[in-house]
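I am keeping short notes on what I looked up in this structure. The entries follow the order in which I checked things.

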Amino acid sequence: MRITIEGASEEFERKLLALLAEHRHELAVTADTEWTVERAERYLRSLPAGARKFAEMVVVDGDGYLDAETLRQALGKLNGPAVALSRAVPRGVREGWWPDGTSAPITAVWDPDNPSWQKAIAYELASENVPIFREALTNLSGGARRSPHPWAVEDAPSALDIPTGWAATDYAPRVLALDNDTSAPGADSAPGQER
């Protein structure tokens, strides 16, 4: 029997994998180790700022392949960001964000003519993962897929409007009432007195 489940939440995936693990002696279980937009978002959110900028440059500026010198000019030493990238995948496996066997999305490219110890000459992201990580970066930067507001910008309520459900004659406390403002309730109180 072969079962394919698409669009399930990560919580459902964890529960299903736990159930399958109980019956592992009866089943051959393989987990999907491909990168998805949701996994890419979680991966990018887990990175420190320098490593996220590193990943963003490889994805956006390099379209999946960026020479290390360009990264060094922008970020300085690459030790910190490169280590953060390499530790993010095992951390995600431990946290249950993706299954064991998920490969690191961004990898170093070494000079094939110099097999001894060397600095990376470039960093690359597999071409099939570039659109996935582009969409994840767009989502994280407040892109078109998710709006931070439940309304369109032109329909946004004004902060000066009377609150919904209030009548124009209802008393709405003011943030600031001037002492000489006789139209505000309590304007007849003595100057300096709290209202």
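This is a predicted model: local features need pLDDT of at least 70, side-chain atom pairs count only at pLDDT 80 or more; totals for chains, interfaces and linings use all residues.

Which residues in α3 meet which residues in α5? I looked up the contact and found Gly 50, Ala 51, Phe 54 and Ala 55 on the α3 side. On the α5 side I noted Pro 81, Ala 84 and Leu 85. I then sorted the residues of this contact by kind: 6 are nonpolar, 1 is polar and none is charged.

Next I checked how the two helices lie. Helix α3 covers residues 49-61 and helix α5 covers residues 79-95. Their axes come within 8 Å and cross at roughly 85 degrees. Angles of 65 to 115 degrees count as roughly perpendicular, so I wrote down α3 and α5 as roughly perpendicular to each other.

Then I turned to the strands. I found 3 strands in an open sheet, in the order β1-β3-β2, with antiparallel pairing. The edge strands are β1 (65-67) and β2 (106-109), and each of them pairs on one side only. On average, neighbouring strands of this sheet are turned by 20 degrees against each other, direction ignored.

I followed one pairing further. β1 and β3 (residues 122-125) run antiparallel and are joined by 3 bridges.

The mean pLDDT of the protein is 78, and 69% of its residues reach 70 or more. Among the elements, helix α1 (residues 10-22) has the lowest mean pLDDT, 80, and β3 has the highest, 94.

Definitions and conventions: Residues are numbered from 1 along each chain as its sequence is written. Side-chain values use heavy atoms; hydrogens and water are left out. Two strands pair if DSSP finds at least two bridges between them. Helices (H or I, at least four residues) and strands (E, at least two) are DSSP runs, numbered from the N terminus. Axes are lines fitted to C-alpha atoms, for helices over the stretch in contact, and angles run from 0 to 180 degrees between N-to-C directions. pLDDT is the predictor's confidence in each residue, from 0 to 100. Angles under 35 degrees count as roughly parallel, over 145 as roughly antiparallel, 65 to 115 as roughly perpendicular and the rest as oblique. Contact means heavy atoms within 4.5 Å. Ala, Val, Leu, Ile, Met, Phe, Trp, Tyr, Cys and Pro count as nonpolar, Asp, Glu, Lys and Arg as charged, and the others, Gly among them, as polar.
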